[in-house]
Number of protein chains: 2
Amino acid sequence: MPRDLIAALDIGGTKIAGALVDGSGKLVARARRATPAQEPGETVMREVTAVLDELSGSAQWSRVAAVGIGSAGPVDASVGTVSPVNIPGWRDFPLVAGVRETVGELPLALVGDGVAMTAAEHWQGAARGRTGALCMVVSTGVGGGLVLNGRLHPGPTGNAGHIGHISVDLDGDPCPCGARGCVERIASGPNIARRALEGGWRPGPGGDTSAAAVAASARTGDPVARASFERAAQALAAGIAATATLVEIEVAVVGGGVAGAGDVLFAPLRRALRDYATLSFVSGLEVVPAQMGTDAGLVGAAAAAAQQAGLDGFGTPSRELG
Amino acid sequence: MPRDLIAALDIGGTKIAGALVDGSGKLVARARRATPAQEPGETVMREVTAVLDELSGSAQWSRVAAVGIGSAGPVDASVGTVSPVNIPGWRDFPLVAGVRETVGELPLALVGDGVAMTAAEHWQGAARGRTGALCMVVSTGVGGGLVLNGRLHPGPTGNAGHIGHISVDLDGDPCPCGARGCVERIASGPNIARRALEGGWRPGPGGDTSAAAVAASARTGDPVARASFERAAQALAAGIAATATLVEIEVAVVGGGVAGAGDVLFAPLRRALRDYATLSFVSGLEVVPAQMGTDAGLVGAAAAAAQQAGLDGFGTPSRELG
């Protein structure tokens, strides 16, 4: 029996998804549980184990070569623990040890969810074939991951690419992370809505105060709604430009619910990028929408595990010098 | 004859230095010319050739295995050109082709001066043995370079680590680069002095308006001088924290004339870093002074060339997965 599948987990505050992923990125088996996010840590772990039990009960389990876990962060791949902001029962929780109880000694990789999404976009999405890329999710929060030298760059703890918590406004509003003026504090969906409301924006039908409702108003020309998206775009541009200036990337891939606003976000984002990405070696930087759908977390966790285990296929690039 | 030396060039707005560097980092031959920075590009190139001629006339030249060039930036290693801000006659100047006229087909690496300094600190200085490091020069400008996964990360064009031109104050003062609120615009020596003067600081003996004179006043307790260094420290901290949050580094190494202020800079810098480096995986970040002296550019250019050519010695780490 060839070992040609990877078992993938995508763990967030809402759901725990699992799949067996083949070398073309197809999900050949799936399992899923709701995350009991407010329960004690052991209760959450039981649901992870239930997902794994379902997968390992499948006839294909004997083909599994490695296990990839993408988790809401922060994670600590160096010791195998996770502390997801949205799962309070998990603080320095030994997720890897818990998963090993089901999967045994298979090669295993743990990365943050932004890193997993990046691996998926690099393998099969908008960052395919790129040597340097920043992939971002702009949604309730702002997360991301990096491709450098043609390879995923998870960093020693699996958290690299955390663009939501770099400060682009050092005297700005306090961020829940403890710093000030973070990209997320300006550009996340809730902050786009908050700023619009503070400016006098009238919520959408049924009192809808989502960023999507702000985007709908912006599309009809509402100046307050447009201004809130423009401010978000400015913060994203400063963060993307900083990343390009620091590590050299060719492309920034932007996904997540806020990216669903389309040109309401992307047009001012591309304009603002010209203001902040000024040096010759970053001025050609492209910004494109993400291409992977809701399975990106699973596909990417598989790709990250394949890269870490040195397996062929799964988008693993040939090894090259940095 | 063993090929165990690397020919190194360090090209800046003031001087063109050259050396033959051995595997222990010793400079076994040297040459040096003033940079005719305001002359036409070909005149500047003639001085580079003069330095190379002097080196290639040495008995040891036959031992040279590779050539490393560190140049004031921006550079473009992908096409072999340089456009140093301080050498106006060089815009997209084909420096690599010019050097090849003397050195022939030896393996050759071109990197920015911040990258070269970083290679030196990683090989023999304050970043030795580190898996992830940001090395910075805070002086007339603010430059830098990165070590990721235990290796120098020059980026495809040799400019990675340009921390001086990331914006940490997106609505801040215009920077000559075209952006706003760049780290350099707040933290460079001339900007420390400018801010102190604007606040009413009285210049040092003989009308000395250098950052060193501001540091001397700060040491005697002058509140305006201290405040100017504290603001610089805050911008540097925001930039260092952003770097750590994006790529995961263990240490930031700070050198250059402004770092010579010692605790006047490092004490507020370490304090400010606690305000901006808040996520678990960056909160252990250290900040230390640079250790390499004035030959860092030459030693580092040699190390960068050795890494790129895959030569052993010269601090070249064993190849590892990213």
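## A walk through a two-chain model

Phi of Asp92(B) is near 50°, which is positive although the residue is not glycine.

Before going on, a word on conventions: this is a predicted model, in which local features need pLDDT of at least 70 and side-chain atom pairs count only at pLDDT 80 or more, while totals for chains, interfaces and linings use all residues. Residues are numbered from 1 along each chain as its sequence is written, chains are lettered from A and ligands numbered from 1 in the order in which they are written, and side-chain values use heavy atoms, with hydrogens and water left out.

How do the two chains relate?

Now look at chain A, where five strands form an open sheet in the order β3-β2-β1-β4-β7, with mixed pairing; two strands pair if DSSP finds at least two bridges between them. At the edges stand β3 (27–34) and β7 (108–112) of chain A, each with a single partner strand, so one side of each has no neighbour in the sheet. From one strand to the next, the twist averages 15°. Within this sheet, β1 (residues 5–11) and β4 (residues 64–71) of chain A pair in the parallel sense over seven bridges, and Ile11(A) stands opposite Ser71(A) in β4(A).

Contact here means heavy atoms within 4.5 Å. Helix α3 (residues 113–124) of chain A also packs on the sheet, touching β2, β4 and β7, and its direction makes about 105° with that of β7(A).

Follow the chain past β4(A) to Pro74(A), in the loop between β4 and β5 (75–76) of chain A. A cis peptide bond joins Gly73(A) to Pro74(A), with omega about 0°. In chain B, the peptide bond from Gly73(B) to Pro74(B) is cis too, with omega near 0°.

Finally, turn to the helices of chain B. Helix α7 (residues 223–247) and helix α8 (residues 263–276) pack at an angle of about 45°, with their axes 8 Å apart. Axes are lines fitted to C-alpha atoms, for helices over the stretch in contact, and angles run from 0 to 180 degrees between N-to-C directions. That angle makes α7(B) oblique to α8(B), since under 35 degrees counts as roughly parallel, over 145 as roughly antiparallel, 65 to 115 as roughly perpendicular and the rest as oblique. Among the residues that make the contact are Phe229(B) of α7(B) and Leu265(B) of α8(B).

Helix α5 (residues 189–198) of chain B packs against α7(B) at about 140°, with axes 9 Å apart. Here, Asn191(B), Ile192(B), Arg195(B) and Ala196(B) in α5(B) meet Val224(B), Ser228(B), Phe229(B), Arg231(B) and Ala232(B) in α7(B).

Key. Helix = DSSP H or I, 4+ residues; strand = E, 2+ residues; numbered from the N terminus.
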